[in-house]
Amino acid sequence: MIKLAIIGGTGLTDFEGLEISHQHEVHTPYGETSSPIIEGIYQGKSLVFLARHGAQHTIPPHKINYRANIWALKELGVKTVIAIAAVGSIHPDMLTRDLVIPHQLIDYTWSREQTFFAEDLSEVTHIDFTHPYCENLRSQFLKAATQVDFKVHSQGVYGATQGPRLETVAEINRMERDGCDIVGMTGMPEAALARELELCYATCAIVANPAAGRSSTLITMDEIRANLKQSIENVRRLLAIVIDSVNGEL
Ligand code: HPA
């Protein structure tokens, strides 16, 4: 059984160094996953990788079949999910290309399929979501962060917006008042669905840009892509340490 999954976001559509052994096409009651789920060995550890936006990066955040993705990982025996996500920074200390391991989130998304407990219920189910991220996994990231020479913020509040457009200045100002430190489009309902299926889930966010109105220039996709490209090596270095420790525990 595979125990660990990586969900790659923008800037991480494949997992370099993974010795691929199998591609799973999992058909779920909720439809198809974003991409085939790639199984392989990384540093001697078996894991699976799923490209959230599709192998060619063609699925926008509001069209991702989050339920199928999470269901399929559970079906494959996954227990722990590391989600990689690009974000904009709201907090002034969170600089472009820093990494953030969020500890809380606020959901501003709408009209997404956000639960497995919607119909055909034997009883109404409300999951506990007080602490939306798996503290065990977060602490592995924080431990790994002490071994690297780039900035990893040990906490942050992730605001999940609907997209696909970026935010207005007023929206970012409101999010800041709400307590958000970073803003992204894919954090929800992914985290809640993982909790519904009792998966240990945490996010490693890459700051791709200052959020709207937080720099003197407008946000371009070229800027986001260039920053992600530069940070991805740091993500890989952090992941390599975490994968080593997480798999040891499973
Ligand atoms: N807003 C929302 N999502 C994002 C951003 C942003 O500024 N940057 C990368 N993903």
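This is a short tour of a predicted model, going from the ligand to a helix and then to some loops.

Begin by selecting the ligand, which sits in the largest pocket. Now show the residues that surround the ligand, namely Ala86, Val87, Gly88, Leu166, Glu167, Val183, Gly184, Met185 and Asn209. Sorted by class, this shell holds five nonpolar, three polar and one charged residues. If you colour the model by secondary structure, you will find that strand E7 (80-89) and strand E12 (182-184) each supply at least two residues of the shell, and that E7 gives the most, with three residues.

Stay with the ligand and look at its nitrogen atoms. A nitrogen atom of the ligand is 2.6 Å from an N or O atom in the side chain of Asn209, and a ligand nitrogen is also found 2.8 Å from an N or O atom in the side chain of Glu167. Taken alone the ligand exposes 260 Å², and the protein buries 94% of that.

Next, select helix H1, residues 66-75. Seven of its 10 residues are buried, so the helix is largely enclosed by the rest of the structure. To see which ones, pick out Tyr66, Arg67, Ala68, Asn69, Ile70, Ala72 and Leu73, the buried residues of H1. Following H1 comes Gly77, whose phi is positive, near 95°.

Now turn to two peptide bonds and two backbone angles in the loops. Most residues other than glycine have a negative phi, and most peptide bonds are trans. Select Gly163 and Pro164, which are joined by a cis peptide bond with omega about -5°; Pro164 lies in the loop between strand E11 (157-160) and helix H3 (169-178). Then move to Met188 and Pro189, where a cis peptide bond has an omega of about 10°, and where Pro189 lies in the loop between E12 and helix H4 (190-196).

For the backbone angles, select Arg97 in the loop between E7 and strand E8 (99-100), a residue other than glycine with a positive phi, near 80°. Arg97 counts as partly exposed because its relative accessibility is 34%. The last stop is Glu198, in the loop between H4 and strand E13 (200-210), whose phi is near 60°, again a positive value in a residue other than glycine. With 70% relative accessibility, Glu198 counts as exposed, since exposed means over 50%.

Definitions and conventions. Residues are numbered from 1 along each chain as its sequence is written. Side-chain values use heavy atoms; hydrogens and water are left out. A residue is near a molecule or strand if one of its heavy atoms lies within 4 Å of it. A polar contact is a pair of N or O atoms within 3.5 Å; within protein, one must be able to donate a hydrogen and the other to accept it, and residues adjacent in sequence count only if both atoms are side-chain atoms. Accessible areas come from the Shrake-Rupley method with a 1.4 Å probe; for residues, only the protein chains shown count as cover. On a 1 Å grid over the protein atoms alone, a cavity is a set of points where a 1.4 Å probe fits but cannot get out, and a pocket is an open set with protein on both sides within 12 Å along at least five of seven lines; lining residues have an atom within 4 Å of a point. A molecule sits in a cavity or pocket if more than half of its atoms lie within 2 Å of its grid points. Helices (H or I, at least four residues) and strands (E, at least two) are DSSP runs, numbered from the N terminus. Ala, Val, Leu, Ile, Met, Phe, Trp, Tyr, Cys and Pro count as nonpolar, Asp, Glu, Lys and Arg as charged, and the others, Gly among them, as polar. Buried means under 20% relative accessible area, exposed over 50%, partly exposed in between (1.4 Å probe, protein chains only).
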